[in-house]
Amino acid sequence: EFGSNLETIGTLTFDCCPNLRRIAIPLKDEIFPLPSYSSLCNQFGSCPNLTIVDLVGVEGINKTISSLFLQSWKDEMNHDMNYINQVLPHTTESAKTSTIRLWIGSLLGKMERYKAEHYRLLKHAATLLELAIWKTKLDEEFMAHSFETK
């Protein structure tokens, strides 16, 4: 298990580790940097038994997911969190790193989109609440003024 302070895992770090079955990594976009000489990531080349990826710091991720506005967003994020462990056992050795890399990018992208939409919905709700309060105040003033003129 790597801690949440892990920044990157370099190319060929776990090359030819056939006994590697499970890794625990932080959810960071550039954890598998592309080497300058290639367009392929290959941190897990020749690791046929790597089938499970756990995320370090999952408590914070789960807290973020649980605070999302819509249940469908929560359900989708929870499904996507475990998706890698469904796909990785059927992924070729040469594609494991890129599959994990794409999964991380997808999770982070969705989380950012949902957080932005969540913020937009909260802002809209706050605006509606503010308008309702102003309307109530205006109605009260109108009623008070109507009674004074009678």
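Me: Which phenylalanine residues form one aromatic cluster here?

Reply: The cluster consists of Phe14, Phe32 and Phe44, where rings of Phe, Tyr and Trp (its six-membered ring) count as a pair if their centres lie within 6.5 Å, and a pair is stacked with planes under 30 degrees apart, edge-to-face over 60 and tilted for the rest. Please keep in mind that this is a predicted model, in which local features need pLDDT of at least 70 and side-chain atom pairs count only at pLDDT 80 or more, while totals for chains, interfaces and linings use all residues. Residues are numbered from 1 along each chain as its sequence is written, and side-chain values use heavy atoms, with hydrogens and water left out.

Me: OK, and how many aromatic pairs does a search of the whole structure find?

Reply: The search of the whole structure gives 3 aromatic pairs. Phenylalanine 14 and phenylalanine 44 count as stacked because their ring centres are 5.4 Å apart and their planes are at 10°. The two partners come from distant parts of the chain, 30 residues apart, with phenylalanine 14 in the segment before strand 1 (22-26) and phenylalanine 44 in the loop between strand 1 and strand 2 (52-56). The helices (H or I, at least four residues) and strands (E, at least two) are DSSP runs, numbered from the N terminus.

Me: What is the relative accessibility of phenylalanine 14, and of phenylalanine 44?

Reply: Phenylalanine 14 has 16% relative accessibility and therefore counts as buried, and phenylalanine 44, at 0%, is buried too. Buried here means under 20% relative accessible area, exposed means over 50%, and partly exposed is in between (1.4 Å probe, protein chains only).

Me: Which residue does tryptophan 73 form an aromatic pair with?

Reply: Tryptophan 73 pairs with tyrosine 114, and the two rings are stacked, at 4.9 Å centre to centre with 10° between the planes. Tryptophan 73 belongs to helix 2 (residues 71-87) and tyrosine 114 to helix 3 (residues 96-149), so the pair ties together parts that are 41 residues apart in sequence. Both tryptophan 73 and tyrosine 114 are buried.

Me: And which residue lies over the face of tryptophan 134?

Reply: That is lysine 137, at 5.4 Å from the ring centre; a charge sits over a ring if NZ of Lys or CZ of Arg is within 6 Å of the ring centre and within 35 degrees of the ring normal.

Me: Another lysine, then: is lysine 110 buried or exposed?

Reply: Lysine 110 lies in helix 3 and counts as buried, because its relative accessibility is 14%. Leaving aside neighbours within four places in sequence, lysine 110 is in contact (heavy atoms within 4.5 Å) with Glu76, Met77 and Asp80.

Me: Switching to valine 53, what does that residue touch?

Reply: Valine 53 is in strand 2 and is buried, with a relative accessible area of 3%. Not counting residues up to four places away in sequence, valine 53 touches Ile23, Ile25, Ile84, Asn85, Leu88, Ile100 and Trp103.

Me: Where does proline 89 lie?

Reply: Proline 89 is in the loop between helix 2 and helix 3, and its relative accessible area of 40% makes it partly exposed. Beyond its neighbours within four places in sequence, proline 89 is in contact with Thr51 and Ile84. The C-alpha atoms of proline 89 and histidine 145, which are 56 residues apart along the chain, are separated by 74 Å.

Me: Now the backbone: what is the phi of leucine 12, and of cysteine 16?

Reply: Leucine 12 has a positive phi of about 65° although it is not a glycine, and cysteine 16, also not a glycine, has a positive phi of about 60°. Most residues other than glycine have a negative phi.

Me: Last one, where is glycine 109?

Reply: Glycine 109 is in helix 3 and counts as partly exposed at 23% relative accessibility. The C-alpha atoms of glycine 109 and aspartate 29 are separated by 9.4 Å, although the two residues are 80 residues apart along the chain.
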